[in-house]
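The following questions and answers concern the model shown below. Each answer ends on the value or name requested.

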Amino acid sequence: MRRVLLVLLALPALAGRAGAQASEFGTRALGLPVLPLSARAQGMGGGVALFDPENPLNPAAIWLTQRGTATFAVRQYWRTSENPFGSASGNDTQFPLVMVSGPIGARWDFGVSVSAYTDRTFALTLSDTIDIRGAPVGLSDTLISRGGVNDIQLAFAYTVSRDFSLGFGLHVLTGTNRFEYRRVFSDSTYVPVRIKNELSFSGPGLSAGFTAEPIRRVRLAGMARWDGDLAFYKDSTKLSDIPMPLTFAGGIQVAAGDRLTLAGHGLYRNWSVADESIRERGGLGADNAAEAAFGLEWIRNARSPYKFPIRAGVRYAQLPYPVVDGSKGKEIQLSLGTGFRFTSNRGSIDLAIERAWRDDGAAFKEKSFMFTFGVGIRP
Amino acid sequence: MSRWILFLASVLVLAGCEEELTVPGQCPELCPGGQPVVLDTVLFATEGGDTAFFGYTDRSGVSSLLISDGLDAGEARAWVRFAKRSDSVTVGGIVRSYTVDSVVVTVNLVARDTLVPGVKLILHRVPLTWDTLTTFAEVEAALSPASIIDSVTIPDTLKSGPVRLTIQDSTTLANLIPEADSGVLALGFRVRADEPTGIRIGAVAGASGAAGFATYVIADEVTDTSLRRQTLSVTANENFFVRNNDIVVADPDLLYTGGLPSYRSILRFELPSIIKDSSVRLVRATLELTPEIPLAGLRGDRAAIDVVGVTKDLGAKSPPAQGASATGLIPEDGTANPIGIDMRTVIERMRGPEGLPQTILIGLAPEGGNFYLPVFKSTRAAEGQPRLRLTYMLPSVVERP
């Protein structure tokens, strides 16, 4: 328990590290929404996210935590971006989720997590020629943005009966977005420029959810989340509040026999509540976004369910922030995963590989390959 | 199993060590906040706030001696006076008289026009009474054919370094230092070439070494051949140069730099508030000065205009600020067009609440021995007033979502 507490204390320090998934689809507004998924859920396309106790999406899901558990996921991300201005390949590392959970009584469980909520990590390079002092001068600009909004959640789940649990979550949305604009002129008599700015965010949130097993082997889950206005600061000066969306999600998990589990969910966020606010500040607005995920887990050996099960999944999501005016982005992911436990189930490793495609229906496209590595410790 | 885990973790960590976030883009389509705007503004010096002052490097501080022939930059002649040469040598503790065998005069060439071949340095015997107030006319008159001692052709391949003239002719040696001069030699220099040119040679106060004068003698009544030959060496202890276009009476409506005693000019500006805004990035600041007369110098001997910020505006005696200086090379084409000196570093020091005064001093570098005599128009001129061209960049509006 003491080790769990230590991990708990370390969580705030990790808050600033969550996120980092460079994408041209993360350049607008708050960036690219990120679903907080464990490596196991990632391997199932996110389909199991409302049921898996190592995911913070549904606060009621932690009722299945049997002992204190600390989980950590790290993801390596390779992508190729295409847009009307060219194409480029890149890679980066993200830390999508850190979570500690465990029972605190006969019917109560708790969970603390730090996860990425939106990600605004990208670097744009562009070249241009402008007239300065009556002569054309070439420019090479690089705009680097790092960071995004992180979600710190304190969740409690109450086991109403062996078939039904309720969960409540308190959220703090926080994070920073560090911008660096570099400009180099082709004429060296103009000095290169480096401008740094930092945007920071903070806002409250509440969530509630349930899991139920109305029919044997069939579980249902649902959650709703309210987030208050996100206060938006530039270099410590408050600029405005951005309304945050309501989140609704519902899912179903079916144990199809002893070795196959199927799970899926649908999720909806009314991001458009921020449309007016974003447009007022000169942005391109926001649209509501829905997503659906489905996955399966096939246990190869019923006696050793944690020994290299095979997971697969698919996820479709709409993106809320148009990259260019009038565009509507979407992403599709295919996943494969596995994992194992060791030292009497006290440690676990989960692995997932994903292939994702994003596009805005027009000229902006992105293909990515992700590898997620999750570690669980149950002291 | 644990090794496998370690391997996987290592692969992940190593893969994560490098990140490449870049995607191609174009503003304003992709850039949040759009593309930072570059603006340009011209700021004239405060009217009446510009003045020329002289006396910064005085005549005794001349760093090199100018000698020219037919240059657009003006005619220049130089002279040196050596320390007294001893009239005896001491050999084996005994003072002996001597017989002069030969003499070597050495001058250190500092700069020349390497495109002019066959430059001949002509040495004249000149009066010992000359000082820094001796005029060009007096020197010119004294450097007549009758006073020529000898001459030496500067090797065409020599860009800088010692130039030696050896005198072995007995008549010349006998007349080199008349008895009335008590062992003191004074030499005047002029140059000749097939086309207009000039040279700079080292001076007493300069870093390149003053002229030297070595006398090789044979001590009288010494039979030991290894001790008979002695050398008496002296260096110049006085020197100066004169030119036919010195600033005699300065025009108060012009800005002077250089000369001896040297001139510097003060200029004052009032920076607009946008430039003082710390969020604005200054990408270039150019001081534009319009020459009153063409900027003439010696080809290949570059000179520059120095711009220095001041810690306090005390007029002529404004103390220079550390790290607030800029330099602009003077074009070699004898231009009368405005010249630009990039002085962003100086303007940067003027920005912000604790900024330096918006005052600068301009001067010539090197000062105190330079063919250039730049004279610029002031704020009193009808056109071509000194001005500052500022190019700056407004910050990107990153808060635009």
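Q: In which strand of chain A is T237(A) found?
A: This is a predicted model. T237(A) belongs to a strand of chain A that covers residues 237-242. That strand is β11.

Q: Is T237(A) buried, partly exposed or exposed?
A: The class of partly exposed residues lies between the buried limit of under 20% and the exposed limit of over 50%. T237(A) has a relative accessibility of 48%, so its class is partly exposed.

Q: How far apart in space are T237(A) and G111(A), C-alpha to C-alpha?
A: In sequence, T237(A) and G111(A) are 126 residues apart. In space, their C-alpha to C-alpha separation is 33 Å.

Q: What is the area of the nonpolar surface patch that includes L170(A)?
A: L170(A) is placed in strand β7 of chain A, residues 164-185. It counts as partly exposed because its relative accessibility is 47%. Together with L154(A), L206(A), W226(A), L246(A), F248(A) and Y268(A), L170(A) makes a nonpolar surface patch of about 630 Å².

Q: How many residues of strand β12 of chain B are buried?
A: Strand β12 of chain B spans residues 186-192 and is mostly covered. Of its 7 residues, the number buried is 6.

Q: Which residue in β12(B) is the bridge partner of R125(B)?
A: Strand β9 of chain B, residues 120-125, pairs with β12(B) in the antiparallel sense over 6 bridges. Strand β5 of chain B, residues 76-82, also pairs with β12(B) in the antiparallel sense, over 4 bridges, and there W79(B) stands opposite G188(B). For R125(B), the bridge partner in β12(B) is L187(B).

Q: How many residues does the largest nonpolar core have?
A: In soluble globular proteins, nonpolar side chains tend to be buried together. Among the residues with the most contacts inside the largest core are F82(B), L121(B) and L187(B). F82(B) touches residues including V105(B), V184(B), L187(B) and F213(B). The number of residues in this largest core is 54.

Q: What is the omega of the cis peptide bond from A365(B) to P366(B)?
A: Most residues other than glycine have a negative phi, and most peptide bonds are trans. P366(B) is found in the loop between β22 and β23 of chain B. The bond from A365(B) to P366(B) is cis, with omega near -5 degrees.

Q: What is the positive phi of A29(A)?
A: A29(A) lies in the loop between α1 and β1 of chain A. Its relative accessible area is 5%, so A29(A) is buried. Although A29(A) is not a glycine, its phi is positive, at about 50 degrees.

Terms used. Residues are numbered from 1 along each chain as its sequence is written. Chains are lettered from A and ligands numbered from 1 in the order in which they are written. This is a predicted model: local features need pLDDT of at least 70, side-chain atom pairs count only at pLDDT 80 or more; totals for chains, interfaces and linings use all residues. Side-chain values use heavy atoms; hydrogens and water are left out. A nonpolar core is a set of buried Ala, Val, Leu, Ile, Met, Phe, Trp, Tyr and Cys residues joined through side-chain atoms within 4.5 Å. Buried means under 20% relative accessible area, exposed over 50%, partly exposed in between (1.4 Å probe, protein chains only). Contact means heavy atoms within 4.5 Å. Patches are made of residues with over 30% relative accessible area and no salt bridge: like charges are joined within 9 Å, nonpolar side chains (Val, Leu, Ile, Met, Phe, Trp, Tyr) within 5 Å. Accessible areas come from the Shrake-Rupley method with a 1.4 Å probe; for residues, only the protein chains shown count as cover. A salt bridge is a side-chain nitrogen of Lys or Arg within 4 Å of a carboxyl oxygen of Asp or Glu. Helices (H or I, at least four residues) and strands (E, at least two) are DSSP runs, numbered from the N terminus. Two strands pair if DSSP finds at least two bridges between them. Lists of a residue's contacts leave out its neighbours within four places in sequence.
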